[in-house]
Amino acid sequence: MTNNDGVLLKVENLKKYFPIMRGLIRRKVGDIKAVDGISFDVYKGETLGLVGESGCGKSTTGRVILQLYPVTSGKIIFKGKDLAKLDSEALRKLRPMMQMIFQDPHASLNPRMTVGSIISEPIIEHGVLRGRKLQKRVEELLELVGLSPTHASRYPHEFSGGQRQRIGIARALALNPEFIVCDEPIAALDVSIQAQVVNLLEDLQAEFGLTYLFISHDLSMIRHISQRVAVMYLGRIVELGSRKNVYEDPLHPYTQALLSAVPTPDPVIEEMRNRIILKGDVPSPANPPPGCPFHTRCPLAVDLCRQEVPAWRELRPRHWVACHLAE
Amino acid sequence: MLAKNGANVLEVHNLKTRFHTHDGTIHAVNGVSFELKEGELLGIVGESGCGKSVTVMSLLKLIPIPPGEIVDGRATFHGRDLIAMSANEIRHVRGHQIGFIFQDPMTSLNPVMTIGQQIMEPIRAHLGKSRDEARDDAIRLLRMIGIPMAEARLDDYPHQFSGGMRQRVMIAIALSCIPQVLIADEPTTALDVTIQAQIIDLIKQLRRELGMSIIWITHDLGIVAGIADRVIVMYGGYIVEQAPVKELYANPKHPYTQGLLGSLPRLEERMAERLTNIKGQPPNLFSEPTSCPFAPRCPYVFERCLEENPALWPISSNHKVACWLEIKE
């Protein structure tokens, strides 16, 4: 899993605004700037962790990349093609290569379909296999994710949260994708079940050479599963680098505060820790502050931060940050 | 940070709570006994459905009856049994001597009352203060919990506050009568980590100032490590381990506790170690277990575990564990 196998996905200055409509005639009065100009690469075979707090735009990023939402502007280059410019037929042809695992295993499986039909739906839709071969493939997929082939005839409600997430993973794998967006795949699960699902995702990556964009608010889990990490705040990426760089030498004050806020399951370490407690709340993405989006909460902010948007700088080799003060 | 005298503020003995549902009876809490010492912060950890919330809800009679039923148990608070109290008596204890904070600050505040009214309500009801006195108290409380422009914000409604601010308001309500005991049921679970850090910091500070005893319920072993003096681990409606916080993390004895700690990735983790997972699913609790509730998932299971449910056993003066591997008879 080296980083040099080439770029699988290139995101350039991606923006996604959702219109705010008001009044009887639904006049547009503004925009929610959910994703406000982000750029990054995803290398083949790696896991890129995308971390941030609720409302920072991380899930929107995942959905826009897979074209579940149309882009407002920017490029999404996947295997040399700009997904934002493709027509629906061309996009459909690419879909088998990029899949998604959703956060909520209760809402993302159709309760009226059997597990077998949920998993075979994408295969039938893309006309890959039929009949006996299809059935065999479904059984194979169920075994792959640690379920039993006999589960194919059951319905989602008969399964626990962790098992349902496995069904979602089997569906995502059905078409042999190269790239999977994992959108908070473990957030709804209990701790002991989280570890099962994460281990499964790691095993599958090793076996099939999958590339993951792993979206989560859980900094410890992101550190565990990712080779590189991007930190988002208010629609922008504020820091991007290798796991080691971001966690051991965080350059952005937001990353520093975020890392210091994560509780560690060790009372001895907890006793010695100095927390950076950020003041206030995240501003609304409908009305982001001018200058650096973080300046309203930043303990180090100076006048420059309030006026100018910080440039995206490669401050250390392969370690990028958007902060005027970082050095 | 344990209080020197260590007198028990609350003693719970053999609490059993069940829920009678259409699908059968759920044995949510199956004989739980523990004590809360003066000035102590007791953490109760466990996964969903382990009975941690039902335990404290039962103490305060906050479970709906029916379908719920407190089958057995005593909870001694100031020499009186909370479980045996009438609805009227317990109402005087709730919010006055025992305050509580719930997980979800969105649904536990009344959306059509101003937050001022909601903070003043217990002050007027329990302490019998006048409107003006209660208003002064409420302003003082809001300042204490760090809400800017307290006086003006008193007349705002919950929807005008952010999630973190709403949880602060919940804390203000819980503390309005300066309770001796504060019960916090997953108070930061719905919040982002930077906001969670704010709330934890606030509760630590209030604890220093007011010296109350706290029961903190959470599924997050990281939070407990940072704030608790003593920890109870629950599984399948039972307490499976109980120890001072450092002892528990340094020397976990129950295979479930070990599994939970192993399944957590750590920020200080060196390189990608594999997470040890606990195989299988938590029990469904439709029948009272006759064997160890953890036996189906336990890597060390042996015959005895399937024959009999182990009781909580003291392995040292302050460390108890319910596991046949540790019970020396």
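Visitor: Which residue in E8(B) is the bridge partner of Gly43(B)?

Guide: The model is a predicted one, and everything below should be read with that in mind. The bridge partner of Gly43(B) in E8(B) is Trp216(B). This pair belongs to the pairing of strand E3 of chain B, residues 41–45, with strand E8 of chain B, residues 213–218, in which the two strands run parallel and are joined by five bridges. Strands of a sheet pair through backbone hydrogen bonds, either parallel or antiparallel.

The sheet that holds these two strands is an open one of eight strands in chain B, with the order E6-E7-E8-E3-E9-E10-E12-E11 and with mixed pairing. At its edges stand strand E6 (98–101) and strand E11 (313–314) of chain B, and because each has a single partner strand, one side of each is left without a neighbour in the sheet.

Helix H1 of chain B, residues 52–59, lies across E3, strand E7 (181–185), E8 and strand E9 (230–235) of chain B, and its direction is at about 145 degrees to that of E8(B). H6(B) also packs on the sheet, where it touches E6 and E7 of chain B, and its direction makes about 170 degrees with that of E6(B).

Helix H3 of chain B itself runs over residues 115–127, and its 13 residues reach 18 Å from the first C-alpha to the last, close to the 18 Å expected at 1.5 Å a residue. After H3(B) comes Gly128(B), which has a positive phi, near 65 degrees.

Chain B also touches chain A, in a contact that takes 38 residues from chain B and 34 residues from chain A. On the side of chain A that touches chain B, helix H6 (191–208), helix H7 (219–225), helix H9 (253–261) and helix H10 (267–272) of chain A each supply at least two residues. H6(A) gives the largest share of that side, seven residues. Sorted by class, the side of chain A that touches chain B has 17 nonpolar, ten polar and seven charged residues.

Within chain A, an open sheet can be set beside the one already described: four strands form it in the order E2-E1-E4-E5, and the pairing is antiparallel. Strand E2 (27–43) and strand E5 (81–82) of chain A stand at its edges, each with a single partner strand, so one side of each is left without a neighbour in the sheet. Strand E1 of chain A, residues 7–22, pairs with strand E4 of chain A, residues 73–78, over five bridges in the antiparallel sense, and Glu12(A) stands opposite Lys75(A) in E4(A). Helix H1 of chain A, residues 58–65, lies across E1, E2 and E4 of chain A, running at about 75 degrees to E2(A).

As for chain A as a whole, its secondary structure comes to eleven helices and twelve strands, and 46% of its 327 residues count as buried. Its radius of gyration is 21 Å, which agrees with the value near 20 Å that a compact globule of 327 residues would have.

Definitions and conventions: Residues numbered from 1 in each chain as written. Chains lettered and ligands numbered in written order. Predicted model: local features only at pLDDT ≥ 70, side-chain atom pairs only at ≥ 80, totals over all residues. Expected span 1.5 Å × (residues − 1). Contact = placed C-beta atoms within 7 Å. Nonpolar A, V, L, I, M, F, W, Y, C, P; charged D, E, K, R; others polar. Pairing = 2+ DSSP bridges. Axes fitted to C-alpha atoms, helices over the stretch in contact; angles between N-to-C directions. Rg over C-alpha atoms; globule rule 2.2 N^0.38 Å. Buried ≥ 20, exposed ≤ 12 C-beta atoms within 10 Å, placed from the backbone.
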